[in-house]
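Here is a short report for a reader meeting this structure for the first time. Keep the model open while you read.

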Amino acid sequence: MPSVLIFGGSGKIAKFITESLVQKGYQVSSVIRREEHIPSLRELGATPILQSIESASVSELASIIRTSAPDIVIFAAGARLRAFEDPNLSLVVDRDAAIRVFDAMVKAGGTKRLITISTMDARNREKAAPSWYNEVDWKGSDELWGMLPVYMKAKYEADKDLVEGNGKRGLEYTIVRSTWYGDGERMGKIRAGLAGIEPRISREDVADVLVACVENPATVGCVFEISGGEVPIQDAVKKVAEEKVDSFGEMFR
Ligand SMILES: NC(=O)c1ccc[n+]([C@@H]2O[C@H](COP(=O)([O-])OP(=O)(O)OC[C@H]3O[C@@H](n4cnc5c(N)ncnc54)[C@H](OP(=O)(O)O)[C@@H]3O)[C@@H](O)[C@H]2O)c1
């Protein structure tokens, strides 16, 4: 049975991912921070592992990966609402703990496949905006960085570390960079690739994109955006994989 280990497994997106993967016959283990999430994860069919990733060393994280020996690791954690109180937590969770998970995969010495949820527009803002941005994207970018500068920086630096550090690490990564999402209805259709910020998307659609990446190994090496659109998710992800979309160059240069 294929297996997946999700860091931040108690998150809303992570739970949608878990539900779908369990239905498809995957074994799912979920690294979580708070004990109160254990019953709901067990109900979904996942195996909870209680370990806050912000206080775990690379060795501790590697030991979890070695014990669980998953085929695929998903990084879905984020400080999110806690970061409204203390923005520094975005750096602690979304950047530093993410980077320790990347390093832990290497230290564990088994699993190479990694899929992460990042965010639209995590980039070097001192450089020109990406060539595919239009006026709506420029405005959206100003809004995102104006509201959540530390969060955007954290996601940018984690993505950068993953891509630029991969000569050393040799992971088989995919980075999904979603636009803003909410609790809206699952549409089953998206725009993927160099997608732009609008329209927004639902959490369930984001989760379905991650599941499509789990099931499509040809997405290895892709760094792509998703927003609302008209292409069925599996087809959109297949096209990204065929075209080997990699927005890294323009975003980080
Ligand atoms: N909202 C958007 O529009 C948007 C767009 C693009 C990307 N994203 C990113 O997508 C990711 C998933 O989002 P979501 O909606 O599923 O958020 P969520 O429900 O807040 O999930 C994040 C999960 O990370 C967990 N986590 C935080 N610190 C942890 C730690 N130290 N150890 C273990 N787990 C920890 C949280 O657990 P606790 O609740 O116990 O802290 C929570 O379950 C986040 O990184 C988010 O920033 C969001």
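Over residues 8–217 the chain is 48% helix and 18% strand. The model is a predicted one. An unreviewed UniProt entry annotates residues 8–217 as "domain: NAD(P)-binding".

**The sheet**

Now turn to the strands. Nine of them, 9 strands in an open sheet, follow the order S3-S2-S1-S4-S5-S6-S10-S8-S11. The pairing in this sheet is mixed. Strand S3 (47–50) and strand S11 (231–232) are the edge strands, and each pairs on one side only.

Start with strand S1 (residues 3–7). Of its 5 residues, 4 are buried, so S1 is largely enclosed by the rest of the structure. S1 runs parallel to strand S2 (residues 27–32), and 5 bridges join the two. Phe7 has Val31 in S2 as its bridge partner. S1 also runs parallel to strand S4 (residues 72–75), with 4 bridges between them. There, Leu5 stands opposite Val73.

Next comes S2 with S3. These strands pair in the parallel sense over 4 bridges. Ser30 has Pro48 in S3 as its bridge partner. From S2 the chain crosses through helix H2 (residues 38–44) to S3, and this β-α-β crossover is right-handed.

Then look at S11. Strand S8 (residues 189–193) and S11 run antiparallel, joined by 2 bridges. Lys189 stands opposite Pro232 in S11. Helix H10 (residues 233–243) packs on the sheet, touching S8, strand S10 (223–228) and S11. The direction of H10 makes about 10° with that of S8.

| Strand pair | Bridges | Direction | Residues facing each other |
|---|---|---|---|
| S1 and S2 | 5 bridges | parallel | Phe7 and Val31 |
| S1 and S4 | 4 bridges | parallel | Leu5 and Val73 |
| S2 and S3 | 4 bridges | parallel | Ser30 and Pro48 |
| S8 and S11 | 2 bridges | antiparallel | Lys189 and Pro232 |

**The core**

Which residues touch the most other members of the largest nonpolar core? They are Ile17 and Leu210, in a core of 74 residues. Helix H5 (residues 88–108) gives the most to this core, with 9 residues. Leu210 touches Ile17, Ile74, Ile115, Ile117 and Val176, leaving aside residues up to four places away in sequence.

**Backbone exceptions**

Most residues other than glycine have a negative phi, and most peptide bonds are trans. Some places in this model depart from that pattern.

Arg80 is found in the loop between S4 and helix H4 (82–85). The phi of Arg80 is near 45°, a positive value in a residue other than glycine. Arg80 has 15 C-beta neighbours inside 10 Å, so it counts as partly exposed.

Asp121 lies in the loop between strand S5 (113–119) and helix H6 (135–147). Asp121 is not a glycine either, yet its phi is positive, about 70°. Is Asp121 buried or exposed? Asp121 is buried, because 27 other C-beta atoms lie within 10 Å and the cut-off for burial is 20 or more.

Pro199 is found in the loop between S8 and strand S9 (201–202). The peptide bond from Glu198 to Pro199 is cis, with omega near -10°.

**Two further residues**

Met187 lies in the loop between strand S7 (181–182) and S8. Met187 has 17 C-beta neighbours inside 10 Å, so it counts as partly exposed. Setting aside residues up to four places away in sequence, Met187 touches Ser202 and Asp205. Met187 and Leu162 are 25 residues apart along the chain, and their C-alpha atoms are separated by 30 Å.

Lys139 lies in helix H6. With 13 other C-beta atoms within 10 Å, Lys139 is partly exposed. Lys139 and Ala14 are 125 residues apart along the chain, and 29 Å separates their C-alpha atoms.

Key. Residues are numbered from 1 along each chain as its sequence is written. This is a predicted model: local features need pLDDT of at least 70, side-chain atom pairs count only at pLDDT 80 or more; totals for chains, interfaces and linings use all residues. A nonpolar core is a set of buried Ala, Val, Leu, Ile, Met, Phe, Trp, Tyr and Cys residues joined through C-beta atoms within 7 Å. A residue is buried if 20 or more other C-beta atoms lie within 10 Å of its own, exposed if 12 or fewer, and partly exposed in between; C-beta atoms are placed from the backbone. Two residues are in contact if their C-beta atoms, placed from the backbone, lie within 7 Å. UniProt positions are given in the numbering used here, feature names are shortened, and annotations may be inferred rather than shown by experiment. Two strands pair if DSSP finds at least two bridges between them. Axes are lines fitted to C-alpha atoms, for helices over the stretch in contact, and angles run from 0 to 180 degrees between N-to-C directions. A crossover is right-handed if, with the strands pointing away from the viewer, the path from the first strand over the helix to the second runs clockwise.
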